[in-house]
Amino acid sequence: MRKVFLLLTVAFLTPVAVFAQQKPNIIIILADDMGYSDIGCFGSETQTPNLDALAKEGLRMTQFYNASRCCPTRASLLTGLYQHQAGVGDMVNHRDVPAYQGYLNKNCVTIAEALKQGGYNTLMAGKWHVGTNPEHWPVKRGFDHYFGLIDGASSYFNPTMPYRPNQKLTIALDDKEFTPGPNWYSTNAYADYAVKFIDDNKTTGKPFFLYMAFTSPHWPVQALPEDIAKYKGKYLKGWDKLREERLARQKELGIVNKDEKLSPRDKSVPEWDSLTPEEKERFDTKMAVYAAMIDRMDQNIGRIRAKLKELGEDKNTVIMFLSDNGASNESIKGPGFTPEVLAANNKPASDPTSFTSYESLGANVSDTPFRLFKHWEYEGGTATPFIAWYPGVIQPGSLVSKPAHIIDLMATCLDLAKVSYPKVYNGNSITPTEGISLVPVFKGQTWKGHNGLFFEHEGNRAVRQGDWKLVSQRPANKWELYNISTDRSELNDLAAKYPEKVIELTKMYNEWASRAGVVEFDKLGKSKGE
């Protein structure tokens, strides 16, 4: 009888154990303001061996899209909705319009909130930027543990130093403010807690979801001396040569078509030979520091992978990597910054007390081969590298050119976890997700994808359907039409040649904008603090 009892016990428990093992750990790693060509496996000279290994052992999606700016992308990624539907149609500044309230609303759920219902522990480290009031912090939106920057940017060495007038920057541990100690470097600190959270999870018997949102390489460009030394002098060849070399590597890697053209040097960027030796040296230093920031982020991704392997969790973990928008051409100038920061902008980027950015000179290199930058809806603003790694499921070295979007990550995570998307949460009806699971893509199966993908930020607009993309920029608001399959750099406007396609896609965009709650940006009025 005792043997029978033991056999029945094993028979009863085994399916439960197998089911538990089938729930993988899920990690989403988000870079901040990183351009399309800024990592090795997407064409960069920057050393990113850990990301390159994930790509070699996993897959790369070459036409993956974000929402072109920090807050909108984070809101969309976390909720599986377009950012307007989640309440963050612009930034975290508040407007008395539901789609632009400046923090996540009650009619959306985060990936963390949804996965907790499926038995996951939920962890986050890094930049939040979808609600600055403590009642909107990560631990109030489904995360069990959080460590990082609530706001949008900060010094990497002195992270609570205000960079805007009347601003208070907050480093938080769970729901309490945290005071950084000596020898602080943000990228290391965020990864320290990510590793700690993963290590602590081993005693819980539950799978975990980790949202690892680095601030790197968002301005200010600041890095550790030992990392900067690897790159100093590599950028004195000039931005034209750097862009040409990156495009050549992208073609060799299969990231873009063999006949893809390089967009012209941005109109704000002068000819390299017109610069003085001092100006060339300043550019080289900024680029070396920028590369060092990405290098250090990659090193910390390696630390996370090492911890997974140490715990024996590496074979049962899915990792996805992407950037929140294209490279940033923003400059540290004007009344929006404190006098201390404006003074620090004049220091060399290699000085840890500096506070500077690489502006359009560097961003034009980072976004190779595309036009424009963060904030715009051209490929230079919305295209991101995307890597997915899932041992035993993804065919190593896969390259996928099907268009996909950050709205798909919610559905993907829930599909991996075998958790249903809720219709009601905390008594509030939940807006149906806009995304489609990427799990069939991971498995090499047929994936129909989206009928249309939509973009809007501060009056800049776009819609992508199949190979066609309709895009406009404010204030001109003139639609341009491109065939992305033959013109990913958006150089040959076909709007006059195919007016019927412009009409068709405009109708699609307008219907989506109405459904998502988009308001014409010039009619929104002034914003106020959250």
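Q: What does Phe-157 touch, leaving out residues up to four places away in sequence?
A: This is a predicted model. In it, Phe-157 touches Trp-184, Tyr-185, Gln-222, Ala-223, Leu-224 and Pro-352.

Q: How far apart are Phe-157 and Gln-222, in sequence and in space?
A: They are 65 residues apart in sequence. C-alpha to C-alpha, the distance is 8.0 Å.

Q: Where does Phe-157 lie?
A: In the loop between strand 4 (145-149) and strand 5 (171-173).

Q: Why does Phe-157 count as partly exposed?
A: Its relative accessibility is 23%. Buried would need under 20%, and exposed over 50%.

Q: Switching to helices. At what angle do helix 6 and helix 9 cross?
A: Roughly 10°. The axes of helix 6 (residues 186-201) and helix 9 (residues 277-310) come within 10 Å.

Q: Parallel or antiparallel, roughly?
A: Helix 6 is roughly parallel to helix 9 because of that angle. The cut-off for roughly parallel is under 35 degrees.

Q: Which residues make the contact?
A: From helix 6, they include Ala-191, Ala-194, Val-195 and Ile-198. From helix 9, they include Met-297, Arg-303, Ile-304 and Leu-308.

Q: And how many of each class in that contact?
A: 7 nonpolar, 3 polar and 5 charged residues.

Q: Now the largest pocket. How much space lies in there?
A: About 740 Å³.

Q: Which residues lie nearest its centre?
A: Val-92, His-129, Tyr-163, Arg-164 and Gln-167. They belong to a lining of 33 residues.

Q: How does the lining divide by class?
A: Into 11 nonpolar, 12 polar and 10 charged residues.

Notes
Residues are numbered from 1 along each chain as its sequence is written. This is a predicted model: local features need pLDDT of at least 70, side-chain atom pairs count only at pLDDT 80 or more; totals for chains, interfaces and linings use all residues. Side-chain values use heavy atoms; hydrogens and water are left out. On a 1 Å grid over the protein atoms alone, a cavity is a set of points where a 1.4 Å probe fits but cannot get out, and a pocket is an open set with protein on both sides within 12 Å along at least five of seven lines; lining residues have an atom within 4 Å of a point. Grid points are joined across faces, edges and corners, and a volume is the space filled by probe spheres set on the points. Ala, Val, Leu, Ile, Met, Phe, Trp, Tyr, Cys and Pro count as nonpolar, Asp, Glu, Lys and Arg as charged, and the others, Gly among them, as polar. Axes are lines fitted to C-alpha atoms, for helices over the stretch in contact, and angles run from 0 to 180 degrees between N-to-C directions. Helices (H or I, at least four residues) and strands (E, at least two) are DSSP runs, numbered from the N terminus. Angles under 35 degrees count as roughly parallel, over 145 as roughly antiparallel, 65 to 115 as roughly perpendicular and the rest as oblique. Contact means heavy atoms within 4.5 Å. Buried means under 20% relative accessible area, exposed over 50%, partly exposed in between (1.4 Å probe, protein chains only).
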